[in-house]
Amino acid sequence: MNLDNLARIDLNLLVILQVLLEERSVTRAANRLHLSQSALSKSLNRLRDTLGDPLFIRTAHGLKPTAHAVILGQQLPNMLQGLYQLTQPPRFVPASSTRQFSISMVESAYETLIPYFIGPLLNNAPNLRLDSYLWTEESLAGLQKGQIDFGIAGRDMTPQADIVTDRLPEGIAHQTLFTDHQVCLVRRNHPILTVLKTDNWNLNIYLEMSHVQVRCEGNEWWALDYHLADLGHRRHLSTTVPDFYGAASICAHSNLIFTLPSSFASHAQKLYPLVELPLPLEFSPLAYVLLWHERNNDEPGHKWIRETICKSVADAFNQQDRFGSA
């Protein structure tokens with residue numbers, strides 16, 4: 001495309017050409033465009049100079065378009081409609097949209113969050129396509145570069161957390177979806193459950209145990225481990241795995257203890273014979289946050305998806321709180 005040549009064309013002349021093609025009369029075209037016949041004739045001469053073609057031949061029955069004008073007449077309506085759309089405020093109609101969006105999520109969100117918002121999204125926008133990817137250490141950069149539309153990540157509300165909302169990269173916006181807390185899982189019939197019949201569950205017992213840990217964004221330590229290190233303690237991590245379900249399975253088939261968000265613990269207990277214990281120390285809550293780039297703050301499609309996700313999750317967890325379910 002030669003933009004220099006395009007810049008020399010007065011786009012108003014294309015509108016005049018379209019009306020002349022429809023009316024085949026300078027008089028009728030001038031009346032329709034609220035121009036004098038003299039002004040319209042001057043515009044027609046400019047069109048002829050610009051396009052290098054006479055465009056119309058005067059006949060007893062009005063203006064007859066040249067072959068070139070006929071070809072232009074086949075292309076102009078779509079071109080002008082496209083230009084018109086460019087001048088309109090952006091719109092997003094969920095029911096008819098066929099747009100594609102991408103979202104990168106921490107693994108636990110697939111079980112704890114996506115069931116609550118995927119239905120409302122696709123019920124209202126059935127032709128929408130939502131591609132999801134696992135959250136990685138590259139996801140924030142993907143949001144900045146426009147490679148990913150949305151992110152859902154978990155963060156411990158501590159300075160050591162990988163995602164601290166007051167230190168997000170430039171241009172990244174966020175909304176907290178809900179907050180959670182850490183709990184522990186052990187297998188049913190774990191020896192520690194017998195011990196706890198006579199001893200109180202406490203930090204010393206917790207630290208004496210061997211742990212299975214989920215590796216997040218390539219890191220073996222969570223914010224909890226940094227917090228314990230500040231207190232002069234360290235967990236014995238017997239094994240680290242890349243996903244929560246793998247850790248839950250290992251926990252169910254060994255004497256390892258698994259520390260994780262309570263919202264995912266309830267799902268793990270549906271699959272495996274596991275018993276939940278409280279985390280035996282005071283520790284900051286965990287927040288699940290929705291992330292996006294500020295360039296999309298007012299883009300209608302992005303805004304609708306954000307609002308749908310936030311409302312769906314809020315409604316789900318408010319209802320759970322009301323009825324006391326996990």
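## Terms and model

A residue is called buried when its relative accessible area is under 20%, exposed when it is over 50%, and partly exposed in between, as found with a 1.4 Å probe on protein chains only. This is a predicted model, in which local features need pLDDT of at least 70 and side-chain atom pairs count only at pLDDT 80 or more, while totals for chains, interfaces and linings use all residues. Residues are numbered from 1 along each chain as its sequence is written, and side-chain values use heavy atoms, with hydrogens and water left out.

## The buried face of α3

In helix α3, the buried residues are V26, A29 and A30. Because they fall within an arc of 100° when seen down the axis of α3, these residues line one face of the helix, the arc being that of the directions from the helix axis to the C-beta atoms. Their cover includes α2, α4 (37-51), β1 (56-59) and β2 (62-65).

## How α2 meets α3

Helix α2 (residues 11-23) packs against helix α3 (residues 26-33) at an angle of about 130°, and their axes are 9 Å apart. The contact, meaning heavy atoms within 4.5 Å, is made by V15, I16, V19, L20, E22 and E23 of α2 together with V26, R28, A29, R32 and L33 of α3.

## F150 in strand β5

F150 lies in strand β5 (residues 150-156), and with 0% relative accessibility F150 counts as buried. Although F150 and M105 are 45 residues apart in sequence, their C-alpha atoms are 8.5 Å apart in space.

Note on methods
Axes are lines fitted to C-alpha atoms, for helices over the stretch in contact, and angles run from 0 to 180 degrees between N-to-C directions. Helices (H or I, at least four residues) and strands (E, at least two) are DSSP runs, numbered from the N terminus.
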